[in-house]
Amino acid sequence: MALTTKAPTDIAQQVDPSQTLRAATALLRNITSHQASRKETSEKTSLLADADEDEVADETPVWLVLTTKKHIIDKKRLKPGKIALPHPYLNTADSSLRICLISADPQRKYKDLIAHQSFPLDLAKRVGRVIGMTKLKAKYKSYESRRQLLSEYDVFLADDRIITYLPQVLGKVFYKGGSKRPIPVTLEGKRQNLDEQGNKRRKLSEGGTKVTKSEVKPSDAAREIERTLSSTLVHLVPSITTSVKVGKSSMEPQQLQENVEAVTQALVEKYVPQKWRNVRSMHIKGPSTAALPIYMTDELWEDEKDVLEEPLAVQDTKKSKKRKASALAQAATENGEGDEVIEVPGPDGQTRRVKKALRKQSLPDAPPVKPSKKRKSEVSEEVDAKAAERAEKAARKEALQQQKAAAKAAVNGTKDVSDVKITQNGETKKVRKTRMKAADMV
């Protein structure tokens, strides 16, 4: 199966429609057979599974995977982009479609907007609820309340001015799976680029006034909601891979082909820097299927400056470091001191001219430090202190021996009176102790 490779910037020549159609047909056939086999093998229905999850699983999504040569952006964007689809995967004409609109404050303003006479009646019936940001924070704090809100509606639309705050408010209940993640919609009026006199409004930095927007009209809001329901979302992250939902398994191969071509053109022209120069490959796939290629480029680089004219020589790092150190040492010994230029082999095998470092001059040996002499009074004080310490140790030792002897005699049953010398605070005193018999102690 031949693949489309590098070509001019025309989309018709970049992606081959026949290749896209063959890939879409094979992918839908594989998804259908996989679903049939899974229903046959599954004997029992899980009682812990949600009914809402079963409905989502019946419509298996199809993704377009774009691989670029360099990152598309440097930081993650919480506000996704939108690309219109020729065949939306949401059935906007279905009267049973339940829509919840999360608006900015005040809530009453947008409720009146939906209930206005100029707002289309069929769309107003599908918008089952309008909830403001303040009420959403106050009423849906618990995990159970958020799960209940998730199961009540099929699609969640949110004002693009508050879309970045919703991950913290709604949590992983809405953002873990992604099947019912809130879709941004513009609920603001048009920007007024002309002043009261009909002249073009100047920028604020040039002395002009602040930009103002007119009040949103019900017809404009309805048109924006219809356009949002017919679009797919583009979530950009700092990566070389970007996935965009282009359809579902219940579509025809021709419908999926047209969606892929529309998303490919808008995605590359609007979101990819350097456009087709930065595109590496494109695939379509299901949640658990192999990725089928529809486009692959011949060049793996974006710019010619990224290509090296000669390949880098692969050398042993340890040997190159030793060879470089020995060359530096040899050049230093031969040329002597001085600010001279020498040639040194580099790690790539080429010689380089570097300045020779000056030799470190050895410092003369420092004269030995003589110990300072002490005074005679200090020497005599040290001698007296040491002698007193020795005498005190000897006295403590003798007193301990006498106490042991007295205790031993008392155990043997003798009674005697003797004088015992005890040293306290450097003074020796005599203390009379009486030895008693064991019978007298009873």
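Residues are numbered from 1 along each chain as its sequence is written, and side-chain values use heavy atoms, with hydrogens and water left out. Because this is a predicted model, local features need pLDDT of at least 70 and side-chain atom pairs count only at pLDDT 80 or more, while totals for chains, interfaces and linings use all residues.

The protein has 13 helices and 14 strands; helices (H or I, at least four residues) and strands (E, at least two) are DSSP runs, numbered from the N terminus. Of its 442 residues, 32% are buried, where buried means under 20% relative accessible area, exposed over 50% and partly exposed in between (1.4 Å probe, protein chains only). The accessible surface comes to about 30,100 Å², and carbon and sulfur atoms account for 52% of that surface. These areas come from the Shrake-Rupley method with a 1.4 Å probe; for residues, only the protein chains shown count as cover. Taking contacts between residues at least 6 apart in sequence, 67% join residues at least 24 apart, contact meaning heavy atoms within 4.5 Å.

Four strands form an open sheet in the order 8-1-9-10, with antiparallel pairing; two strands pair if DSSP finds at least two bridges between them. Strand 8 (241-248) and strand 10 (292-296) are the edges: each has a single partner strand, so one side of each is left without a neighbour in the sheet. From one strand to the next, the twist averages 20°. Strand 9 (residues 279-285) and strand 10 run antiparallel and are joined by four bridges. Ile284 has Leu292, in strand 10, as its bridge partner.

Two helices pack on this sheet. Helix 2 (residues 17-41) touches strand 1 (61-68), strand 8, strand 9 and strand 10, and its direction makes about 160° with that of strand 10. Helix 11 (residues 253-271) also touches strand 1, strand 8, strand 9 and strand 10, and its direction makes about 150° with that of strand 8. For these angles, axes are lines fitted to C-alpha atoms, for helices over the stretch in contact, and angles run from 0 to 180 degrees between N-to-C directions.

Leu21 lies in helix 2 and, at 27% relative accessibility, counts as partly exposed. Leaving aside neighbours within four places in sequence, Leu21 is in contact with Pro253, Gln254 and Gln257. The C-alpha atoms of Leu21 and Glu258 are separated by 8.9 Å, although the two residues are 237 apart along the chain.

Helix 7 (residues 143-152) contains Ser145. With a relative accessible area of 13%, Ser145 is buried. Apart from neighbours within four places in sequence, Ser145 is in contact with Lys139 and Tyr140. The buried residues of helix 7 are Ser145, Arg146, Leu149 and Leu150. They cover an arc of only 140° around the axis, which puts them on the same side of helix 7; the arc is that of the directions from the helix axis to the C-beta atoms. These buried residues pack against strand 4 (127-132), helix 6 (133-139), strand 5 (155-159), helix 8 (166-170) and helix 9 (172-175).

Helix 10 (residues 218-229) has 12 residues, which at 1.5 Å a residue should span 16 Å; its end C-alpha atoms are 17 Å apart, which agrees. The expected span is 1.5 Å times one less than the number of residues. Buried in helix 10 are Pro218, Ala221, Ala222, Glu224, Ile225, Thr228 and Leu229. Their arc around the axis is only 160°, which puts them on the same side of helix 10.
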